[in-house]
Amino acid sequence: LSADGEITSKPMVLFLGPWSVGKSSMINYLLGLDDTPYQLYTGAEPTTSEFTVIMHGPKLKTIEGIVMAADSARSFSPLEKFGQNFLEKLIGIEVPHKLLERVTFVDTPGIIENRKQQERGRGLLGSCYPFNDVCQWFIDRADLIFVVFDPTKLDVGLELEMLFRQLKGRESQIRIILNKADSLATQELMRVYGALFWSLAPLINVTEPPRVYVSSFWPHEYHPDTHKELFLKEEISLLEDLNQVIENRMENKIAFIRQHAIRVRIHALLVDRYLQTYKDKMTFFSDGELVFRDIVEDPDKFFIFKSILAKTNVSKFDLPNREAYKDFFGINPITSFKLLSQQCSYMGGCFLEKIEKAITRELPDLLGSIGLGKKPNVLSCDVTGCGETPKNRYRKP
């Protein structure tokens, strides 16, 4: 793991989507930031150009990205690897709100518009940072991902396909928000709802589609002659969903650690196989660099990946990209590694056995013990502080 902060951090809720769909307005609404000095900027044009982390603090204040990255106690210190251009586009806001004691929100730039700008800006001094990689970093660590759409301008094209490629494997965390729902009459809204599912079906290849919330997440009154009762129920359901994520925080963290351990195990097995193949092919007269280059360029010729699948309980869907190992061994020479069979000691045991034990026994047992210790409870806003939020919801007719 990149840092201890990633284990001890609060659940993270990530807001993604095109520009001007109401991501920032939704956060303002949920936290009651409207008409305060710290409300997030909103408007019809692209307004959010930064990645904004909204977290708990004793008083309202902003924190610069370079300060967040320099603090190793925070879970955001690994973002320093994306460079100074990105840190200038990262900002933290501390808010003394009860809900933020248990969860952190992350607002993102309009993902579709920003990708296009990044492409246009390539090569301009100081104008670029790896936008897709930054998005992936947040996606990989989010406990809940709200993908927000405006029903009056659904933009389902190549950029959205790229977004859902990045979300692959995170389907259980995704929630679709059809925001600004009261801007359409009920019949038109149902047509848009169906069109959205039709567009997303090829992009989300799972048996159970993500939950879709249909409402208008802002403090304004609903337009007349729209489905007000439905919208209010959807808001309450969303808050209960958020509450459930907070309640399941510890289970999610353990599952995250186990998932990471599985990736480490597969990586160790693959490196071991590359190294064993290298040793088998080397002779006294061989040029080690040429031998290994041949293995890295075409690992299938030496059955590197197939042998891992054949001899271990590894899913083919968990295997990393073959191309990634060209870069990996370009930085880490094969001669710097030892075989797994040589990484054992009398007192400490073997590295591979220990990680296998953690994956198959220790982490599942820990997960089970937490589940047994939990008392069934009714979802309550007293736990999350959602009773404070959204304050304006109850003023809607």
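I began with helix α6 (residues 131-141), which lies across β1 (12-16), β2, β5 (104-107) and β6 (144-149) and runs at about 140° to β1. I then looked up helix α8 (residues 186-200), which packs on the sheet by touching β6, β7 and β8, and whose direction makes about 145° with that of β7. I note at the outset that this is a predicted model, and I read every entry below with that in mind.

**The sheet.** I next traced the strand order, and found an open sheet of eight strands that reads β3-β4-β2-β5-β1-β6-β7-β8, with mixed pairing. Strands β3 and β8 (211-214) stand at the edges, and because each has a single partner strand, one side of each is left without a neighbour in the sheet. From one strand to the next, the twist averages 20°.

**Around β4.** Which strands pair with β4, and in what sense? I found that strand β2 (residues 51-56) runs parallel to β4 and is joined to it by six bridges; within this pairing, Ile-54 has Ile-93 of β4 as its bridge partner. On strand β3 (residues 61-64) I found the antiparallel sense, with four bridges to β4, and here Lys-61 has Glu-94 of β4 as its bridge partner. I also checked the burial of strand β4 (residues 90-95): five of its six residues are buried, so β4 is largely enclosed by the rest of the structure.

The search of the whole structure finds one cavity of 30 Å³ or more, and the volume of the largest cavity is about 30 Å³. By class, I count six nonpolar residues in its lining, with no polar and no charged ones.

**The largest pocket.** I then turned to the largest pocket, for which the volume comes to about 1,500 Å³. The lining has 32 residues, of which Arg-263, Phe-317, Asp-318, Leu-319 and Pro-320 are the closest to the centre of the pocket. Which helices supply at least two residues each to this lining? They are α6, α7 (158-166), α10 (249-281) and α13 (322-331), and the largest share, nine residues, comes from α10. Sorting the lining by class, I have twelve nonpolar, nine polar and eleven charged residues.

**Two positive phi values.** Asp-225 has a phi near 65°, which is a positive value in a residue other than glycine; I placed Asp-225 in the loop between β8 and α9 (228-247). Is Asp-225 buried or exposed? Its relative accessible area is 73%, and since the cut-off for exposed is over 50%, I record Asp-225 as exposed. Phe-303 likewise has a positive phi, near 55°, and lies in the loop between α11 (288-297) and α12 (304-311).

Notes: Residues numbered from 1 in each chain as written. Predicted model: local features only at pLDDT ≥ 70, side-chain atom pairs only at ≥ 80, totals over all residues. Heavy atoms only, no water. Buried < 20%, exposed > 50% of the residue type's maximum accessible area, 1.4 Å probe, protein only. Pairing = 2+ DSSP bridges. Axes fitted to C-alpha atoms, helices over the stretch in contact; angles between N-to-C directions. Contact = heavy atoms within 4.5 Å. 1 Å grid on protein atoms, 1.4 Å probe; cavity = no way out; pocket = protein on both sides within 12 Å on 5 of 7 lines; lining within 4 Å. Points joined across faces, edges and corners; volume = space filled by probe spheres on them. Nonpolar A, V, L, I, M, F, W, Y, C, P; charged D, E, K, R; others polar.
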